[in-house]
Amino acid sequence: MSDSASDFEDAPMDSMFQEPEGYFKPPPEPTSVVFERQPQWVADGSPKQITINLLGSHPLWGHHLWNAAKTFANYLDENKTIVRNKSVLELGAAGALPSLISACNGATKLVVTDYPDHDLIENIRKNVEANIPTRLQDGSAQVTGFKWGYDIGSISELSGSSEGTYDVLILCDLVFNHSEHTALLSSVEKLMAKPKAGISSGGEAYVFFTHHRPWLADKDMAFIERARDELGLEVTKVVEEYTGAMFDDDPGDERVRGTVHGYRLGYPSN
C-alpha cells in the first residue's frame, strides 16, 4: 500500500524504515481534504462539505482519507435511517469522515475512536471541532483512544446505554491488518447492542474495505467469514463500487485495488 509498503504483512511497526543513527528528516506537513457530499442526499441545513484534516504522516495510516471511508459516507447519506436516533461507535476512525456524516444524519450519540496516539486522537478532535462543534460542547460526541481487544469499560460508559453497547459500529478499511482480526472481532462482539425480544433486533456493524493487496484478499475476507462463523452474525453485502486505486504504483490488479466492498453484520432475524 504505497507508503505503507506493498509487501508489508503484519510486520511490527518498529521494524519498518529504520533510518541511520543521527539522521533527521522533517515530517511531511499536515494536509486537508474537502469531502463534497452528493447534493441529492443532503438535507436542508446540513453542511454540503466536510473538511477533513490529516496528519502529514502516521505509521498507522491515519494520514489518508481512504476510499472506503468516502464510499461509506456516501452510503450513509443515501441511507440516513441507519444512524438516525442511534448511538454510533467508529473504530479506527483516522480522519473520522463517517462519524461526521453520522452526526449530520441524526446520530444521537457519537463516539469516535482510534489507536490511543496523541497526534492521531487530537487530529480527530480537531475534525470534530471544525465540523460539528456543538456536538462536542453538549457531550453528544466524544473522541477517545481505544485499543481493539482491550478492556471496553471506558468505551461502554460513553455509550449512554445501560448495557454499554452501541446501535451502529463503523469499521472502514481496517481488515487489511490481519493480525488484529481477533482483537477487532472481540470488540465488535462486546460493543454491538444485543437483540431484545419484542423490542430490538440488536445492533449492526458496517465493514467497508478495499483489497489493497490483491494477493491477500482471502485474508481480508477472513474477518467477514469469522464474524459469520464465530460470532454467529448475519452477513449481507451492501456495496461493491469501483472508486479507482488509492495508490497508482502499487502492485496487483488495479481493478481489485480500486474496488470498495461493503458489508453489514447483524444478528439473525429468526
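Of the 36 residues in the largest nonpolar core, those that touch the most other members are Phe72, Leu97, Ile124 and Phe208. A nonpolar core is here a set of buried Ala, Val, Leu, Ile, Met, Phe, Trp, Tyr and Cys residues joined through side-chain atoms within 4.5 Å; buried means under 20% relative accessible area, exposed over 50%, and partly exposed in between (1.4 Å probe, protein chains only). At least two residues of this core come from each of strand E2 (49-54), helix H1 (67-78), H2, strand E4 (109-114), helix H3 (118-131), strand E5 (141-145), strand E6 (168-172) and strand E7 (204-210). H1 gives the most to this core, with six residues. Helices (H or I, at least four residues) and strands (E, at least two) are DSSP runs, numbered from the N terminus. A second, separate core has 29 residues, among them Leu169, Leu184, Ala227 and Leu265.

The structure is a predicted model, in which local features need pLDDT of at least 70 and side-chain atom pairs count only at pLDDT 80 or more, while totals for chains, interfaces and linings use all residues. Residues are numbered from 1 along each chain as its sequence is written, and side-chain values use heavy atoms, with hydrogens and water left out. The pLDDT is the predictor's confidence in each residue, from 0 to 100. Its mean over the protein chain is 91, and 90% of the residues reach 70 or more. Over residues 4-8, however, the pLDDT is below 50, and this stretch has 12 contacts in the model beyond near neighbours in sequence. Over residues 11-17 the pLDDT is also below 50, with eight such contacts. Contact means heavy atoms within 4.5 Å.

Helix H2 (97-104) is mostly covered, with seven of its eight residues buried. These are Leu97, Pro98, Ser99, Leu100, Ile101, Ser102 and Ala103. The axes of H1 and H2 come within 9 Å and cross at roughly 10 degrees; axes are lines fitted to C-alpha atoms, for helices over the stretch in contact, and angles run from 0 to 180 degrees between N-to-C directions. Ala69, Lys70, Phe72, Ala73, Leu76 and Asp77 of H1 make the contact with Leu97, Pro98, Ile101 and Ser102 of H2. Just after H2, Gly106 takes a positive phi of about 100 degrees.

The loop between strand E3 (87-91) and H2 holds Gly92 and Ala93. In the UniProt record, an unreviewed entry, the annotation "binding site" covers Trp66, Gly92, Ala93, Ala94, Asp114 and Trp148; UniProt positions are given in the numbering used here, feature names are shortened, and annotations may be inferred rather than shown by experiment. Gly92 counts as buried because its relative accessibility is 10%. Not counting residues up to four places away in sequence, Gly92 touches Thr113, Asp114, Trp148, Cys172 and Leu174. Ala93 is likewise buried, with a relative accessible area of 6%. Leaving aside neighbours within four places in sequence, Ala93 is in contact with Val112, Thr113, Asp114 and Ile124. With residues up to four places away again left out, Ile124 touches Ala93, Ala94, Ala96, Val112, Asp114 and Val143.

Tyr115 lies in the loop between E4 and H3. At 39% relative accessibility, Tyr115 counts as partly exposed. Tyr115 and Ala93 are 22 residues apart in sequence and 8.8 Å apart in space, C-alpha to C-alpha.
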